[in-house]
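Here is a briefing on one model, arranged by topic. Keep the structure open while reading.

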Amino acid sequence: MTERYYTTSTAFLEALAEAGVKYVFANLGSDHPGLIEALAQAKAEGRSGELPRIIVCPHETVALSAAHAYAMVTGEPQAVVVHVDSGTQNIGGAVNNAMRGRVPVLIFAGLVPFTQHGELPGGRTEFIQWIQDVRDQRGILRNYVKYDTEIRTGKNVKQLVHRALQIARSEPSGPVYLVGTREVMEEPVEPYPGDPAGYGTVVPAALAPEAVAEIATALAGARHPLIVTSYLGRDPSAVQKLVELAELLAIPVVEAMAYHVNFPAGHPLHAGFQYHSVGQNPVLAEADVILVIDSDVPWIPAVNKPAPDAAIYYVDIDPLKSQIQLWDVPARRFAAANSKLATEQIAQFVRVNGLADEAALASRRAAAAARHQRALAAQEAAEQPADGVITAEYLTACLRRLLDGEDALVLHEVVTSSRAVAEHLRPSRPGSVLHHGGGYLGWAGGAAVGAKLACPERTVVSLVGDGSFLLSVPASAFWVQRRYGTPALTVVYDNRGWAGPKFSTLHVHPSGAAAAADDFHVSLEPEVDLPAVALAAGAGFGAAVSDPEELPRVLKEALEVVHAGRSAVVSVRLPRA
Ligand SMILES: Cc1ncc(C[n+]2csc(CCOP(=O)(O)OP(=O)(O)O)c2C)c(N)n1
Ligand SMILES: [Mg+2]
């Protein structure tokens with residue numbers, strides 16, 4: 001052995017750094033003495049800079065949500081370290097978001113020691129190591145990770161880490177999970193270099209030439225072509241390619257359950273946002289050729305669907321949706337391809353073959369622009385304050401004005417105000433709005449930390465419901481924001497309850513007993529003083545607002561606090577859920 005302190009834990013951390021992981025968002029336990037000692041030894045040897053930085057997170061939801069947002073902004077996976085089965089269970093919700101949002105992240109949890117009579121260093125020393133010994137710890141996350149395995153020796157731990165990160169990064173990207181017992185994480189090994197260059201991301205897939213020709217010809221020959229997308233904007237540079245294709249053939253674009261900026265909202269070909277739709281979208285009904293590109297749920301067929309004879313082409317990084325049990329969008333052609341490459345290829349085919357029919361384009365362009373203008377006029381009317389009440393539309397318009405000229409990154413986690421946020425924020429800049437993409441509320445508090453670490457020069461703004469605020473473990477989130485100097489402005493769309501389950505009930509039982517009695521069990525009154533929770537945990541500003549006239553001033557004051565380096569929370573009172 002060399003003199004240098006070097007164990008599986010050292011090699012594990014070193015491999016993360018070799019792969020470009022800057023941060024380990026950690027919630028530690030009895031399984032982590034190997035990692036804690038390796039970090040301290042590296043510091044004592046003056047090698048701290050060779051390992052990732054630890055960001056201590058008092059709740060695992062915050063840790064994984066932070067890594068999630070960091071990866072969304074940079075494309076670079078980070079690491080999350082949690083405690084055996086218990087910590088793994090605490091990321092059960094956040095990992096749902098990372099999986100559904102196709103976000104790369106490496107999660108590590110210890111396994112309880114596998115020796116108990118002092119046979120090996122790292123063996124059992126605490127009663128909890130019997131209590132936490134479960135049959136299948138990896139099974140806890142198996143629904144939500146692309147890959148999981150156990151580290152069995154330090155001699156190849158770097159290979160496991162690099163391969164796991166290769167799997168996490170390669171499309172469709174997602175979380176991976178490694179576990180290791182305490183004895184294995186303590187194993188002394190000879191220092192050795194890893195080979196991250198040998199584990200590059202799988203190169204993006206282009207469309208097969210026949211598919212390019214078929215889709216381009218169908219779109220060019222359509223009377224009413226349409227593009228539907230949800231997450232093409234995961235790669236902000238793909239947005240311009242989509243704009244070019246849409247303009248080339250005057251194709252309107254609908255954003256369905258968008259969790260990225262996929263197409264500039266102010267563009268005349270933007271044909272609206274579809275969220276929890278309750279009625280038929282006429283643009284979808286009229287379409288004769290539809291290109292769905294990067295979408296899990298392009299429409300909800302029970303309430304809103306294309307014409308039966310519409311020709312649908314499905315181009316997606318993940319067109320089979322094999323992680324979704326029931327899924328049914330019959331299409332003429334499915335293709336697994338990178339959306340930026342695919343849109344470029346289709347546009348190129350149209351250009352080279354002169355397929356654009358200028359006369360048809362002109363009338364379609366005019367119709368789309370007129371529809372866009374009508375929608376804009378309706379939105380402008382809806383965002384005027386009335387009767388001293390703050391609506392989600394007015395609040396979002398105030399935020400749009402507040403953030404005008406600001407290099408803002410908006411984290412979007414409102415539920416029933418999703419449409420209001422999209423329509424009244426009207427985002428145009430690719431990469432300027434992020435949503436987790438999953439089904440677990442409680443992301444934004446931790447996500448703000450990761451987003452700010454990823455782009456310290458930008459202003460991070462979280463838009464949340466009062467329900468999602470409470471689910472985000474705010475005491476933990478605001479403490480981490482304070483400790484690591486990652487301030488954010490959090491605006492709560494506060495309707496003192498859960499409008500979501502109420503609307504779900506009204507969809508199924510529009511005139512039931514619950515509706516008649518207005519009895520949905522969704523009230524969160526008496527209300528938690530949400531700004532006070534944030535202030536107690538480390539925010540520098542907190543206020544609640546009910547008066548529409550006061551709102552712009554309070555938001556501005558809060559933003560100034562954020563610019564000065566502290567987090568701020570404004571709870572904005574909307575009509576009750
Ligand atoms: C972790 C988690 N728990 C519960 C739900 C179910 N759920 C969906 S919407 C909703 C209400 C959220 O309330 P709020 O954030 O205030 O938004 P609102 O519905 O009032 O617009 C709940 C509890 C969920 N999606 N995630
Ligand atoms: Mg609410």
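An oxygen atom of ligand 1 sits 2.6 Å from an N or O atom in the side chain of D466. The model is predicted. D466 also coordinates the magnesium ion (ligand 2), and D466 is in helix α17.

**Ligand 1: contacts and cover**

- Two further polar contacts of ligand 1 involve the backbone.
- In G467, a backbone N or O atom is 2.7 Å from an oxygen atom of ligand 1.
- In G500, a polar backbone atom lies 2.7 Å from an oxygen atom of ligand 1.
- On its own, ligand 1 has 570 Å² of accessible area, and the protein covers 77% of that area.

**Ligand 1: the shell**

- Two elements give two or more residues to the shell: α17 (466-471) and α19 (499-508).
- Helix α17 gives the most, with 4 residues.
- There are 16 residues around ligand 1, and T416, D466, G467, N495 and G500 come nearest.
- Sorted by class, the shell has 7 nonpolar, 8 polar and 1 charged residues.

**Magnesium site**

- Which residues coordinate the magnesium ion (ligand 2)? The donors are D466 through OD, N495 through OD1 and G497 through O, at 2.0 to 2.1 Å.
- Along the chain, the spacing of these donors is D-x28-N-x1-G.
- D466 in helix α17 and N495 are 29 residues apart, so the pair links distant parts of the chain.
- N495 is in the loop between β16 (489-494) and α19.
- D466 and N495 are also among the residues that come nearest to ligand 1.

**Largest cavity**

- How many cavities of 30 Å³ or more does the structure hold? There are 4.
- The largest cavity has a volume of about 120 Å³.
- Its lining has 15 residues, of which H260, F273, Y275, P427 and V433 are the closest to the centre.
- Helix α15 (residues 418-425) gives the most to this lining, with 3 residues.
- The lining of the largest cavity divides by class into 11 nonpolar, 3 polar and 1 charged residues.

**Second largest cavity**

- The second largest cavity has a volume of about 70 Å³.
- Its lining is made by A444, G445, A448, S462, V464, F469, S472, F478, Q481 and T490.
- The elements giving two or more residues to this lining are α16 (444-454), β15 (459-465) and α18 (474-483).
- Helix α16 gives the most here, with 3 residues.
- By class, the lining of the second largest cavity has 5 nonpolar and 5 polar residues, and no charged ones.

**Backbone features**

- Where is the cis peptide bond from E171 to P172 placed? P172 is in the loop between α7 (157-169) and β6 (175-181).
- Omega of the bond from E171 to P172 is near -10 degrees.
- The peptide bond from E525 to P526 is also cis, with omega near 0 degrees.
- P526 is found in the loop between α20 (513-517) and α21 (530-537).
- D294, a residue other than glycine, has a positive phi, near 60 degrees.
- D294 lies in the loop between β10 (289-293) and β11 (311-316).

Conventions:
Residues are numbered from 1 along each chain as its sequence is written. Chains are lettered from A and ligands numbered from 1 in the order in which they are written. This is a predicted model: local features need pLDDT of at least 70, side-chain atom pairs count only at pLDDT 80 or more; totals for chains, interfaces and linings use all residues. Side-chain values use heavy atoms; hydrogens and water are left out. A residue is near a molecule or strand if one of its heavy atoms lies within 4 Å of it. A polar contact is a pair of N or O atoms within 3.5 Å; within protein, one must be able to donate a hydrogen and the other to accept it, and residues adjacent in sequence count only if both atoms are side-chain atoms. Accessible areas come from the Shrake-Rupley method with a 1.4 Å probe; for residues, only the protein chains shown count as cover. Ala, Val, Leu, Ile, Met, Phe, Trp, Tyr, Cys and Pro count as nonpolar, Asp, Glu, Lys and Arg as charged, and the others, Gly among them, as polar. On a 1 Å grid over the protein atoms alone, a cavity is a set of points where a 1.4 Å probe fits but cannot get out, and a pocket is an open set with protein on both sides within 12 Å along at least five of seven lines; lining residues have an atom within 4 Å of a point. Grid points are joined across faces, edges and corners, and a volume is the space filled by probe spheres set on the points. Donors are N, O and S atoms within 2.8 Å of the metal (3.2 Å for Na, K and Ca); water is not among the atoms, so sites may look incomplete.
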